[in-house]
Amino acid sequence: MNASERIDRLIAELTDWRGKTFAGIRKSILEADREIIEEWKWMGSPVWSRDGIIAVANAHKNKVKLTFAYGASLPDPDKLFNAGLEGKVWRAIDFFEGDKVNERALKNLIRAAIDYNRIKPKKKAPASAGAKGRKSKKT
């Protein structure tokens, strides 16, 4: 089963309001950019990526949480972030029963995350130990 099929199954198993909310979030994410990739990571979490991780979603007992990998670096003019506000890297949106998904604002946030992934500094790979450990031969 591929990641998209697993996410379909997860949504189908959420037979209360969380399933509808999760489906709405997913729809907005996928509509924001055609090249977004759905993945299944960390023992059962839907993840959306494009040029790096955008967000991960989880259904909890009383909420659906959408966590943005680099949310602290994203503009949030619509004030969607309501969780993890003290974090230095990530930010999240907690959706509770009765909350409406602001599709326009969520799509804008997704696009901002993609833009950030494209411009964020890439981590440099550490120099290999072999290169450092070699001694030059003297002739």
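1. Let us start with Tyr70. In this predicted model, Tyr70 counts as partly exposed, because its relative accessibility is 30%, between the limits of 20% for buried and 50% for exposed. The count of aromatic pairs comes to two. One of them joins Phe68 and Phe81: their ring centres are 5.4 Å apart and their planes stand at 80°, so this pair is edge-to-face. Phe68 sits in strand E4 and Phe81 in the loop between E4 and E5, so the pair ties together parts that are 13 residues apart in sequence. Phe68 is buried, at 0% relative accessibility, and Phe81 is buried as well, at 9%. Tyr70 belongs to the aromatic pair with Tyr116, which is tilted, with 5.3 Å from centre to centre and 40° between the planes. This pair links distant parts of the chain, since Tyr70 is in the loop between E4 and E5 and Tyr116 is in helix H3, 46 residues apart.

2. Leaving aside neighbours within four places in sequence, Phe68 is in contact with a list of residues including Ile54, Leu74, Phe81, Trp90, Ile93, Leu106 and Ile110. In the largest nonpolar core, which has 30 residues, Leu66, Phe68 and Ile110 touch the most other members. Helices H1 (3–13), H2 (17–32) and H3 (103–119) and strands E3 (53–59), E4 (64–68) and E5 (91–95) each supply at least two residues of this core. H3 gives the largest share, eight residues. As a general point, nonpolar side chains tend to be buried together in soluble globular proteins.

3. Now for helix H1. Which residues of H1 are buried? They are Ala3, Ile7, Leu10 and Ile11. These residues cover an arc of only 95° around the axis, which puts them on the same side of H1. The face turned away from that buried side carries the exposed residues Ala12 and Glu13. The buried residues of H1 pack against H2, strand E1 (37–41) and strand E2 (45–49). At the start of H1, a side-chain oxygen of Asn2 comes to within 3.0 Å of the backbone nitrogen of Ser4.

4. The whole structure holds 15 salt bridges. One of them joins the side chains of Arg18 and Asp16, at 3.1 Å from N to O.

5. The side chains of Asp51 and Arg118 meet in a salt bridge, 3.2 Å from N to O. This pair links distant parts of the chain: Asp51 is in the loop between E2 and E3, while Arg118 is in helix H3, 67 residues apart. Arg118 also forms a salt bridge with Asp115, with the closest N and O atoms 3.9 Å apart. Arg118 and Asp115 are separated by about one helical turn, because they are three residues apart in helix H3. Asp51 is partly exposed at 44% relative accessible area, Arg118 is partly exposed at 43%, and Asp115 is partly exposed at 43%.

6. A last item for your tour is a salt-bridge network, which links Lys27, Glu31, Glu103 and Lys107.

Technical notes: Residues numbered from 1 in each chain as written. Predicted model: local features only at pLDDT ≥ 70, side-chain atom pairs only at ≥ 80, totals over all residues. Heavy atoms only, no water. Core = buried A, V, L, I, M, F, W, Y, C linked by side-chain atoms within 4.5 Å. Buried < 20%, exposed > 50% of the residue type's maximum accessible area, 1.4 Å probe, protein only. Helix = DSSP H or I, 4+ residues; strand = E, 2+ residues; numbered from the N terminus. Contact = heavy atoms within 4.5 Å. Arc of directions from axis to C-beta. Polar contact = N/O pair within 3.5 Å; in protein donor to acceptor, adjacent residues only side chain to side chain. Salt bridge = Lys/Arg side-chain N within 4 Å of Asp/Glu carboxyl O. Phe/Tyr/Trp six-rings, centres within 6.5 Å; stacked < 30°, edge-to-face > 60°.
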